[in-house]
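User: I am new to this structure. Please take me through it in questions and answers.

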Amino acid sequence: MEMKIGYLGPKATFTEAAAAALFPSSPRAPYDTIPDCIDAAAAGEIEAAVVPLENALEGSVNLTLDYLIHEQPLPIIGEVVVPIEQHLLVHPYYAPHWREVKEVYSHPHAMAQCRKFLHTVLKEAKHVHVTSTSAAARWVSEHPHLPAAAIANRLAADEYGLVIAQENIHDYDSNHTRFIVVSRRNEPLSLRSPLYAGDKTTIVVMLPKDQPGALHQVLSAFAWRRLNLTKIESRPAKTGLGNYFFIIDIDAPKDDVLIPGAMAEIEALGCTVQLLGSYPYYFIG
Ligand SMILES: O=C(O)C(=O)C[C@]1(C(=O)O)C=C[C@@H](O)C=C1
């Protein structure tokens, strides 16, 4: 399938690496923000958008979840999990005295994956959040005389002429990020890839107001069907304090019986249910 793929840019983000792993021979287009990228897919400017959804250390990328639920409900057609190594990048001039940097630039999720490092090694440096890890690297390369560092990957060091002052500064070894592929063409990806690891289905459930045991009843609709849930996340419905959506990942493709049955049962309880997608997932070891 020849598709133009949008990703959270600029060049050399982790998101671009995820897009390249899934679609090695497709042309790619960078977008400055996650909403820009999802909007471009909704408008058909690109066939699909790759955006980050969840990190093993820092949790969900709320911007992605909220934008898909509240603003631009595009179906999820695939997912890829990528190992993440965060490095501290500086201009070559600052390599010998990188400990003296006064500002560290990165995406908030990348910064959060390196909290202990920042707290202990660069205690005095100011943290500056930007739209992506490679946007941080680009900014540092464009300001060679400022004592600034970026947290980003090796691709970004090469792309923007920076050097790695400290390798692997993320706080815990097992660092991975899930990226999703969204497209207005509502067809699950069908890549013949050795990275394929299974299929899952994501739904969003809104519980009826003040109904004791409602969440328990929702969960039992999956439990007695022996449908394995791999994630439950609550996000504000944005209609008032205490009102939440539950985003539920089911470790199975949408079949004709079990998942529709569970969804119908949950609706009968008075919940609203929305399918975000049923899609294959891929894993980069
Ligand atoms: O793709 C990038 O480089 C990003 O800046 C985004 C993002 C994210 O939002 O999770 C992607 C992977 C890492 O977990 C850190 C940052």
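User: Which residue of E15 is the bridge partner of Met206?

Analyst: This is a predicted model, in which local features need pLDDT of at least 70, side-chain atom pairs count only at pLDDT 80 or more, and totals for chains, interfaces and linings use all residues. Residues are numbered from 1 along each chain as its sequence is written. Strands (E, at least two residues) and helices (H or I, at least four) are DSSP runs, numbered from the N terminus. In E15, Met206 has as its bridge partner Thr272.

User: How many bridges join strand E12 to E15?

Analyst: Two strands pair if DSSP finds at least two bridges between them. Strand E12 covers residues 196–206 and runs antiparallel to E15. The number of bridges joining E12 to E15 is 10.

User: Which strands stand at the edges of the open sheet of five strands, and why is one side of each left without a neighbour?

Analyst: The five strands follow the order E8-E7-E9-E6-E10, with mixed pairing. Each edge strand has a single partner strand, so one of its sides has no neighbour in the sheet. The edge strands are E8 (126–129) and E10 (163–166).

User: At what angle does H6 run to E9?

Analyst: H6 lies across strand E6 (87–90), E7 and E9. Axes are lines fitted to C-alpha atoms, for helices over the stretch in contact (C-beta atoms, placed from the backbone, within 7 Å). Angles run from 0 to 180 degrees between N-to-C directions. H6 runs to E9 at about 155°.

User: How many of the 10 residues of H6 are buried?

Analyst: A residue is buried if 20 or more other C-beta atoms, placed from the backbone, lie within 10 Å of its own. The buried residues of H6 include Thr133, Ala136 and Arg138, and they pack against H1, E6, E7, H4, E9 and helix H7 (154–159). H6 is mostly covered, and its buried residues number seven.

Notes. Contact = placed C-beta atoms within 7 Å. Buried ≥ 20, exposed ≤ 12 C-beta atoms within 10 Å, placed from the backbone.
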